[in-house]
Structures are given as C-alpha cells and as structure tokens.
Amino acid sequence: MRISDILRVKGNKVVTVTPGSDVTRLLALLAEHRIGAVVVSADGSRVDGIVSERDVVRALAARGAVVLSEPVTAIYTAQVRSVSPDAAVDDVERLMTEHRFRHVPVIEDGALRGLVSIGDVVKHRIDELEHERSSLEGYITGERI
Ligand code: AMP
C-alpha cells in the first residue's frame, strides 16, 4: 500500500501557516481544524517547516506566555522529513516511529500534495487487517466476499 492510497481517501487538503504568523494564530488553526500540526509555508505549496502542538507546549514551558506573540518560526522545525505519494505506508510508519513524530508532509515535484498523520496510518492498518480477516473468514466458510 502506498501513501497515495491514503490520500485518495483522505484528500489533499493541508492546513498551512505563513512563517511570519504568530503562535496565537497557529493555536487558532490547530483548534479550528482539530489537528496537531501545521505546515509552515510562505506560498501554501513549498514546505518551509512544520510546527506541532508539541513545539508550542515545549516553548510555553520553557519561556512562558511571551511565546504567543512570537512568529511560528521561533518554535518550528525547519528540517522537515517528507515523503512522495508513492512511498510505502510501512516505510512511513517506520519513519514516524524512528524519529518520534506523528506528521509527514507529502511532496511531489517540490509542491505539497498532502499530509499524513499517525492517525491516518493506524486507520489504514486497521482497515487492512479488517479486510484480511473478512477474506480469511470467506475462505474458511467458503463464502466469497
Ligand atoms: P509531532 O509528533 O508530529 O507532534 O511532532 C513532534 C516534533 O517533531 C515537533 O518538534 C515537530 O515540529 C517535529 N516534526 C513533526 N513532523 C515532522 C516531520 N515530518 N519532519 C521533521 N520534524 C517533524
């Protein structure tokens, strides 16, 4: 299974924030869209960084409420690990586990094509197991599914 299979179901929409936006704006986006991370992008297509709720928590704990009026680039991660749409879901799962992050932007020809979260990967895994279970049940009972 490929990342493009997940995006086909989930869609290509990615919430982005410009590098100059402040952390308060970031929090509003996270809350409004009920998500855990936002891609930092000046033009909405090129990936300039990623910033997640964990970055906000760490910065608030370290420096307090002053962080809220700082630009997202004060707390973001600039070195983003991304994947292409034809990456194998298993490899992306491994990447997330190895580097301890839960979001991976999908990039094709230098442009943002989607974002896959650990939740998307887990959902995909459960769907896959359910499909396998149904097939095996059909095989055992002689019913075709
Ligand atoms: P997350 O688990 O996705 O909330 O992110 C944990 C940490 O990893 C935060 O510091 C994020 O900025 C960073 N991060 C999240 N996704 C990525 C990624 N794809 N590449 C590099 N860093 C990331």
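How much accessible surface does the protein chain have, and what share belongs to carbon and sulfur atoms? The accessible surface comes to about 8900 Å², with 52% of that on carbon and sulfur atoms. Areas follow the Shrake-Rupley method with a 1.4 Å probe, and for residues only the protein chains shown count as cover.

This is a predicted model: local features need pLDDT of at least 70, side-chain atom pairs count only at pLDDT 80 or more, and totals for chains, interfaces and linings use all residues. Residues are numbered from 1 along each chain as its sequence is written, and side-chain values use heavy atoms, without hydrogens or water.

**Fold**
- The protein chain has 5 helices and 5 strands (DSSP runs numbered from the N terminus; helices are H or I of at least four residues, strands E of at least two).
- Their order along the sequence is α-β-α-β-β-α-α-β-β-α.
- The C-alpha trace spans about 65 × 35 × 30 Å along its principal axes.

**Burial**
- Of the 145 residues in the protein chain, 37% are buried (under 20% relative accessible area; exposed is over 50%, partly exposed in between; 1.4 Å probe, protein chains only).

**Charge**
- The protein chain carries 19 positive and 22 negative side chains (Lys and Arg against Asp and Glu; His and chain ends are not counted).
- The centres of the two sets lie 3 Å apart, with charges placed at NZ of Lys, CZ of Arg, CG of Asp or CD of Glu.

**Helix H5**
- Ile-118 lies in helix H5, residues 118-141.
- Ile-118 is partly exposed, at 31% relative accessible area.
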